[in-house]
Amino acid sequence: MKIHFDKRLLHFRQPAGTSRGVYTTHLSYYVTIERDGKVGCGECSVLPDLSCDAMPAADYEAILNDTARYVESHGTIPTEELRPYPSVLFGFETAMAHLDAGTTALFDTPFARGEEGIPINGLVWMGTFEEMYRRLEEKLRTGFHCVKLKIGAIDFERELTLVRHIRDHFPKEQIELRVDANGGFTPDNAMERLNALAPYGIHSIEQPIRQHQWDVMARLCRQSPLPIALDEELIGVNDRNEKKRLLDTIHPAYIVLKPSLHGGMSGCREWIELAKERGIGSWITSALESNIGLNAIAHFCASVYGPSITFPQGLGTGLLYKDNIDMPLEIRGDRLWYNKAKEAPVR
């Protein structure tokens, strides 16, 4: 078994704005495992100032190399040792799954066989009011029935006007609306803003305040007129007992899982299991990976939630980059499909 790495700087088609800043480029590492003439490829992707394993490139590459030497020597992934490094774990899990499957269809599911598409939400990035309005109109015109708005970057009243516009033209029975504050509210204004959003039939709001404020978030989850979903709050919580403590303390309506941020595939399975035991819902999204990572996340999603997924997932990011990697993924209407006719070796 031999393992090597490549890295690529990806360029966004348009700036991707969140309450934490604007992304224009994104660096990803690709791990390739060769065994008996077969090859498996995975993506290790971190988000600066967000991923718990974001660090200087030299330190990150040292962890990649140490992991590679271990896998070459033992033939297995050191899953427990990699809990603090979810992006590394996810990349190696993906590469090994690809190697074992012999195809980019990582798991045997109706999605992998091209029989079912996964419903996805249309994502409207933060921007000026005019930019968000234009992106929203485009998503609705394309046929999405669930739209997720990134909020918290412009004046809240302007964002509320956009929400009001949606509901003036599309009732909640026609368009499911989700919002993601990315921690953009404060403990002082969060409840006021949640109450202002409540009349518009919003499905849920992700991470209204910044993470690590468990008592405040728990109170918001108890009192909010909108269901609250945790996202950033889960980052860095990698121990099983700590996951239990977080869910028991805050008890959100949902958790939103990104394998690169939340423990790889194995860590996300653990989150899903613990959440389900507590009556907490979940869904899966990508975290700005290229199509290598997105493909793995889609197949993972199909394996844990399928068959016949009806709950929209956050997997509509395949067109983010000008220089993405070709994979047999296609968006048709509001569903992500795997096109087996376009399967090809990953390079």
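Predicted model: local features only at pLDDT ≥ 70, side-chain atom pairs only at ≥ 80, totals over all residues.
## The loop between α9 and β12

Ser308 is found in the loop between helix α9 and strand β12 (329-332), where helices (H or I, at least four residues) and strands (E, at least two) are DSSP runs numbered from the N terminus. Although Ser308 is not a glycine, its phi is positive, about 60 degrees. With a relative accessible area of 49%, Ser308 is partly exposed; buried means under 20% relative accessible area, exposed over 50%, and partly exposed in between (1.4 Å probe, protein chains only).

Residues are numbered from 1 along each chain as its sequence is written, and side-chain values use heavy atoms, with hydrogens and water left out.

## Helix α9 and Asn291

Asn291 lies in helix α9 and counts as buried because its relative accessibility is 10%. A polar atom of the Asn291 side chain lies 2.9 Å from the backbone oxygen of Ile325. Apart from neighbours within four places in sequence, Asn291 is in contact (heavy atoms within 4.5 Å) with Gly318, Asn324, Ile325, Met327 and Leu329.

## Packing of α8 against α9

Helix α8 (residues 264-277) and helix α9 (residues 291-305) have axes that come within 12 Å and cross at roughly 35 degrees. Axes are lines fitted to C-alpha atoms, for helices over the stretch in contact, and angles run from 0 to 180 degrees between N-to-C directions. The crossing of α8 past α9 is right-handed, that is, the near helix is turned clockwise from the far one by less than a right angle.

On the α8 side, the contact is made by Met265, Cys268, Arg269 and Ile272, and on the α9 side by Phe300, Ser303, Val304 and Tyr305. These residues divide into 6 nonpolar, 1 polar and 1 charged. Ala, Val, Leu, Ile, Met, Phe, Trp, Tyr, Cys and Pro count as nonpolar, Asp, Glu, Lys and Arg as charged, and the others, Gly among them, as polar.

## Helix α7 and its ends

The buried residues of helix α7 (residues 240-250) are Lys243, Leu246, Leu247 and Ile250. They are on the same side of α7 because they cover an arc of only 90 degrees around the axis, the arc being that of the directions from the helix axis to the C-beta atoms. Their cover includes α6 (214-223), β9 (228-230), β10 (254-257) and α8.

At the N-terminal end, Asp239 caps α7, with a side-chain oxygen 3.0 Å from the backbone nitrogen of Asn241. After α7 comes His251, placed in the loop between α7 and β10. Phi of His251 is positive, near 45 degrees, in a residue other than glycine, and His251 counts as partly exposed at 39% relative accessibility.

## Arg83

Arg83 has its place in the loop between α1 (57-74) and α2 (86-101) and counts as partly exposed at 21% relative accessibility. Leaving aside neighbours within four places in sequence, Arg83 is in contact with Asn238, Asp239, Arg240, Lys243 and Glu270.

The side chains of Arg83 and Glu270 are joined by a polar contact of 3.1 Å. A polar contact is a pair of N or O atoms within 3.5 Å; within protein, one must be able to donate a hydrogen and the other to accept it, and residues adjacent in sequence count only if both atoms are side-chain atoms. Arg83 and Gly267 are 184 residues apart in sequence, yet 7.8 Å apart in space, C-alpha to C-alpha.
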